[in-house]
Amino acid sequence: MTAHLVTGIGELVTFDPRYEGPLGVVHDAALVVVDNHVVWTGRSTTAPAADTRHDVHGAAVLPGFVDSHTHLVFAGDRSAEFEARSARRPYTGGGIATTVAATRAATTDQLTAAARRLAAEARRQGTTTLEIKSGYGLDVPTEQRLLRVAGSLTPETTYLGAHVIPAGAPRADYVDLVTGPMLAACAPLARWADVFCEPGSPVAFDEDESRAVLTAAAAAGLGLRVHGNQLGPGPGARLAVEHGAASIDHATHLDEADVTALADAAPHGGPVVTLLPGVELSTRSPFPDARRLLDAGVEVALASDCNPGTCYSTSMPLMVALAVTLMGMTTAEAVRAATLAGARALRRDDIGHLRVGARADLCVLDAPTHRHLAYRPGVPLARTLELPDAPGADAPRRDQDGRHGHRP
Ligand code: NIG
Ligand code: FE
């Protein structure tokens, strides 16, 4: 099997406790990859012999970004809704219906082509793992189509039939559909289930409805994720703790009791809090208090939430820069949040770090240190490093039984 030596690394971020600081940094480093896995890391002067050699000339190398929250499969455009926010029109979730109509009308080939373009765009900015949700179908055949498209791009597929109540549908009937026949049809195509729990929004799900969705999805064998506390205070974070969800996402409006519940659950594998600062940027909203969560001992992840309504960006470097400049995170905390913590939000231990045994998902910066991700906002510094025999991160991986990805 071919051994690839990547050398000339000015700063290697590994998260290996043998090395320096919270990021496990090695300076003047090298790394050896065999069969797309890291088999050695250390100082370049002590590197073992290998079959091929790739010199990155002093660049920083990080684990590839893990974008643990996206809605990449959709059709249509909502730039007019975005523009209207310049005139102070707030985001309410009402525009989701526009995307649902365009998505239902699109062919599967059109949806696949558009999602592939966005996945490639993410990869060009250093993202090597994407989670992708359904949720713009809201009927059984379209939700299935969206999950099949998502599954062609990633093993981290999420059933989000409980995105919003479709216009005109009686609420109770739609909850019955999402927890019954739609779940049965979609569960074999998904690893995760998610619910938009936002009792203040007329289109999203209230506490009892969200509880019903989470209970049914867990019974169907899916891991759980929650959209919550985005537009105002609510029960989302508490429900995520109660139901053993892997992640509570958005979490912009948390009260003291929420933070305490998350902190108490943290040592026992409680939910990662996934902050989505591109949403606050694009909806002109106040940013979440990352510092309060980190100081309480909660694992904080960063993700893009790429979707046509609240954040049409695939850029994880942008999320890192926003977290550092506007949310009080250090650059090291933000890099961890975009890599290791994203992997934890997906309950994966093979990605998000570069310890021996990890997948060789590598992000190279056109810069000497990870700090430049925040120091040089908006500059295209990050790219993935493709070694000759590595399968693209876009390639789906299947378990032996044919289901996508790892079961949570
Ligand atoms: O994560 N909050 C709910 N869903 C998406 C937005 C979807 C849309 O507006 O199209 C989000 O922000
Ligand atoms: Fe989202």
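His71 and His227 are both buried (under 20% relative accessible area; exposed is over 50%, partly exposed lies in between, with a 1.4 Å probe and protein chains only). This is a predicted model, where local features need pLDDT of at least 70, side-chain atom pairs count only at pLDDT 80 or more, and totals for chains, interfaces and linings use all residues. Residues are numbered from 1 along each chain as its sequence is written, chains are lettered from A and ligands numbered from 1 in the order in which they are written, and side-chain values use heavy atoms, with hydrogens and water left out.

His71 and His227 link distant parts of the chain, 156 residues apart. His71 sits in the loop between strand E6 (65–67) and helix H1 (79–84). His227 belongs to strand E10 (residues 223–228). Helices (H or I, at least four residues) and strands (E, at least two) are DSSP runs, numbered from the N terminus.

## Two domains

The protein chain splits into domain 1 (3–64 + 352–384) and domain 2 (65–345). These bounds come from an automatic or database domain assignment. Taken over C-alpha atoms, the two domain centres are 30 Å apart.

Where do the domains meet? In contact are 19 residues of domain 1 and 20 residues of domain 2 (heavy atoms within 4.5 Å). The area buried between them is about 1500 Å², and carbon and sulfur atoms give 74% of that. Buried area is the accessible area (1.4 Å probe) that two parts lose on being put together, summed over both. Zero salt bridges are counted between the domains. One residue pair is in polar contact across this interface, both at pLDDT 80 or more. A polar contact is a pair of N or O atoms within 3.5 Å; within protein, one must be able to donate a hydrogen and the other to accept it, and residues adjacent in sequence count only if both atoms are side-chain atoms. On the domain 1 side, strand E5 (60–63), strand E14 (362–365), helix H15 (372–375) and strand E15 (382–384) each give two or more residues. E15 gives the most, with three residues.

## Salt bridges

How many salt bridges does the rule find? The count comes to 22. A salt bridge is a side-chain nitrogen of Lys or Arg within 4 Å of a carboxyl oxygen of Asp or Glu. Arg78 pairs with Glu81, with the closest N and O atoms 2.8 Å apart. Arg78 is buried, at 6% relative accessibility. Glu81 is partly exposed, at 23%.

Lys133 forms a salt bridge with Glu131, with the closest N and O atoms 2.7 Å apart. Lys133 counts as buried because its relative accessibility is 0%. Glu131 is buried too, at 0%. Arg191 meets Glu156 at 2.8 Å, N to O. This pair links distant parts of the chain, 35 residues apart: Arg191 is in the loop between helix H6 (181–186) and strand E9 (192–197), and Glu156 is in strand E8 (residues 156–162). Arg191 is buried, with a relative accessible area of 0%. Glu156 is buried at 0% as well. Salt bridges also link Glu207, Asp208, Arg211, Arg238 and Glu242 in a network.

## Helix H12

Helix H12 covers residues 316–326, and its buried residues include Met316, Pro317, Met319, Val320, Ala321, Leu322 and Ala323. Ser315 caps the N-terminal end of H12. One of its side-chain oxygens lies 3.1 Å from the backbone nitrogen of Leu318. Just after H12, Gly328 takes a positive phi of about 75°.

Asp28 has a positive phi of about 45°, although it is not a glycine. Asp28 lies in strand E2 (residues 25–34). Asp28 is partly exposed, with a relative accessible area of 44%.

Asp35 also has a positive phi, near 55°. Asp35 is in the loop between E2 and strand E3 (37–43). Asp35 is partly exposed, at 48%.
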